[in-house]
Amino acid sequence: MEVIIYPDAREASVAACDRIQALVAAKPDAVLALPTGNTPRAMYAELAKRVAQGELDLGRVQIFMLDEFVGLPHDHEQSYHTFAQREIVGPLNLRPEQVRVLDGTASDLPRMCAAYEEAIAAAGGIDLCVLGIGQDGHIAFNEPSSSLASRTRVKALTPATIKEQARAFGEAQAVPRHVVTMGVATILEAKRIILLAFGRSKALVVAKAVEGPITAFVPASALQMHPAVTAMLDPEASEDLRLQEYYQLIAALTPNET
Ligand code: GLP
């Protein structure tokens, strides 16, 4: 795994944005899978700035959001439909149909999940998947113990994630118990993956994901099996990495020297 430690979260976000821009320059109809959460907000803001300045045209990309809560109305403040509208569709000047979000209100959730997989395949597969990471090692909403061969499906949230989400929802009672999420295998089929993690609270789980054993107990550790993953970190999120110095050394070399 390529591990890059940036001077701060802002520079990491700009670098992630650069990669998206380079991809779209090479393939204007690129297919992206994108996360919610606080971590990618600066990246979305930087993308929005470039779109507004006319440096970047995302008019032909297709976006698949990673996950959604089950049972929340699409216009609920905490739904990922709302997040996608607020952070992505509007600011990036996209047509709503360019951004797909799993429908947590569908009456037949397994069928809706299968249709999502089919839509990804019909789009030609995911060119770049950007991920955040939960403190328990989840990617999208693949909670600990998720099969590393899992596809898009319904998952139950762990008590720890419900507690984490309770801050945004106001109280734990309000947090849906179930979610729909791309599976680990769905994510691993993306051609390239960027993992973003910022802040001290992510340091331990980043170390487990990057350097720990591959285990369903830390679903993000499955990223070690993918040939083109870049972990883009700030210094705080890299604090528990044992090979921190090595990653910094590699980053300082020119590509020819690595
Ligand atoms: C939620 C999302 C994940 C995201 C995680 C981390 O669980 N389903 O996709 O990576 O939150 O969120 P944050 O970036 O706010 O720490």
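How many aromatic pairs does the structure hold?

Reply: The structure holds seven aromatic pairs, where rings of Phe, Tyr and Trp (its six-membered ring) pair if their centres lie within 6.5 Å, and planes under 30 degrees apart count as stacked, over 60 as edge-to-face and the rest as tilted. One of them joins Phe64 and Tyr116, whose planes stand at 85 degrees with the ring centres 5.5 Å apart, so this pair is edge-to-face. The pair links distant parts of the chain, with Phe64 in strand β3 and Tyr116 in helix α4 (residues 109-122), 52 residues apart; helices (H or I, at least four residues) and strands (E, at least two) are DSSP runs, numbered from the N terminus. Phe64 is buried, at a relative accessible area of 0%, and Tyr116 is buried at 6%, where buried means under 20% relative accessible area, exposed over 50% and partly exposed in between (1.4 Å probe, protein chains only).

Tyr80 and Phe141 form a stacked pair, 6.0 Å centre to centre with 10 degrees between the planes. Tyr80 lies in helix α3 and Phe141 in the loop between β6 (128-131) and β7 (153-156), so this pair ties together parts 61 residues apart in sequence. Tyr80 counts as buried at 10% relative accessibility, and Phe141 is buried at 2%. Ring pairs also link Tyr80 and Phe141 with Phe69 and Phe169 into a cluster.

This is a predicted model, in which local features need pLDDT of at least 70 and side-chain atom pairs count only at pLDDT 80 or more, while totals for chains, interfaces and linings use all residues. Residues are numbered from 1 along each chain as its sequence is written, and side-chain values use heavy atoms, with hydrogens and water left out.
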